[in-house]
Amino acid sequence: MELTSTDIRAWLAEDVGTGDATSESAIDEVAVCEARVVLKEPGVVCGLEVAAAVFEELGARLEPLAADGDAVERGQVARVEGPARAVLTGERLALNLLGRLSGIATLTRRYVDAVDGTGATILDTRKTTPGLRELEKYAVRCGGGTNHRLGLYDGVLIKDNHLRVAGSIAEAVARARGTGLPVEVECDRLDQVAEALDAGADRILLDNMTPAELRAAVALNDRRAELEASGGVNLDTVRAIAETGVDFVSVGALTHSARALDVSLEVL
């Protein structure tokens, strides 16, 4: 996970602007305080290092009492100390990041646990918050999931709109081979799966197929390419999808629909 002071400063600038009017007017400049960061519900903690960087940028210090990726029932996960103004100015940004990333890690863990023993791997997607992709994909890893491509630059995924322009799966795959990257093709019908296999695709994304169709695709594939199921995936359906024999199940909800965990900062 790459995090720079430039990132932190940009996030703080959005919230602080010309200054924290409340803390600067109500709190003495020399006041110091100690606070605890509390997870108020069970979940997988993620974002403690990011929260620590926020407070450090302001001149305070966060000491983690858990590690990113830890499953915590509830309770204190960190302590913060330093100038009171710094602690209170950084509070909301730090909690927003910690709650958001912990929510993603927690939801991911639920999906990973749901497919345990099937051999299928849970993947994320590019359906991330602009500007936070790296952090959100880090949270997926903390929850036990695996990152799909990080962006458009590190993998080829030929989707239906690409095919409408390229003309055919065979033509699109042949052209994509020149990138030297793994080539994946999205298919929503079994005849497309056969065409993608004949074209030599490395992975096939089976889009919105029923479990019966997924099993048929697995049989047709006969281990020639990796198979990824996508679409219609939720916690009620994911195990049945994984049990069809696919290698991967991609879940956009990990990052676009995860509920932030309830975390708070309490001055002692």
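**Two sets of strands**

In β8, glutamate 184 is the bridge partner of leucine 157. The model is predicted, so local features need pLDDT of at least 70 and side-chain atom pairs count only at pLDDT 80 or more, while totals for chains, interfaces and linings use all residues. Residues are numbered from 1 along each chain as its sequence is written, and side-chain values use heavy atoms, with hydrogens and water left out.

Strands here are DSSP runs of E, at least two residues; helices are runs of H or I, at least four, and both are numbered from the N terminus. Two strands pair if DSSP finds at least two bridges between them. Strand β7 (residues 156–158) runs parallel to β8, joined by 3 bridges. On β9 (residues 203–207), β8 has another parallel partner, with 4 bridges. There, arginine 203 stands opposite glutamate 184. From β8 the chain passes through helix α8 (residues 190–199) to β9, in a right-handed β-α-β crossover (clockwise from the first strand over the helix to the second, with the strands pointing away from the viewer).

How many residues of β8 (residues 183–187) are buried? The count is 5 of 5 (buried means under 20% relative accessible area, exposed over 50%, partly exposed in between, with a 1.4 Å probe and protein chains only). In a regular strand, side chains alternate between the two faces of the sheet. Val183, Val185 and Cys187 point one way from β8, Glu184 and Glu186 the other.

Now the open sheet. Its 4 strands pair antiparallel in the order β3-β5-β1-β12. β3 (61–64) and β12 (263–267) are at the edges with a single partner strand each, so one side of each lacks a neighbour in the sheet. β1 (residues 32–39) meets β12 over 5 antiparallel bridges. Leucine 39 stands opposite valine 263 in β12.
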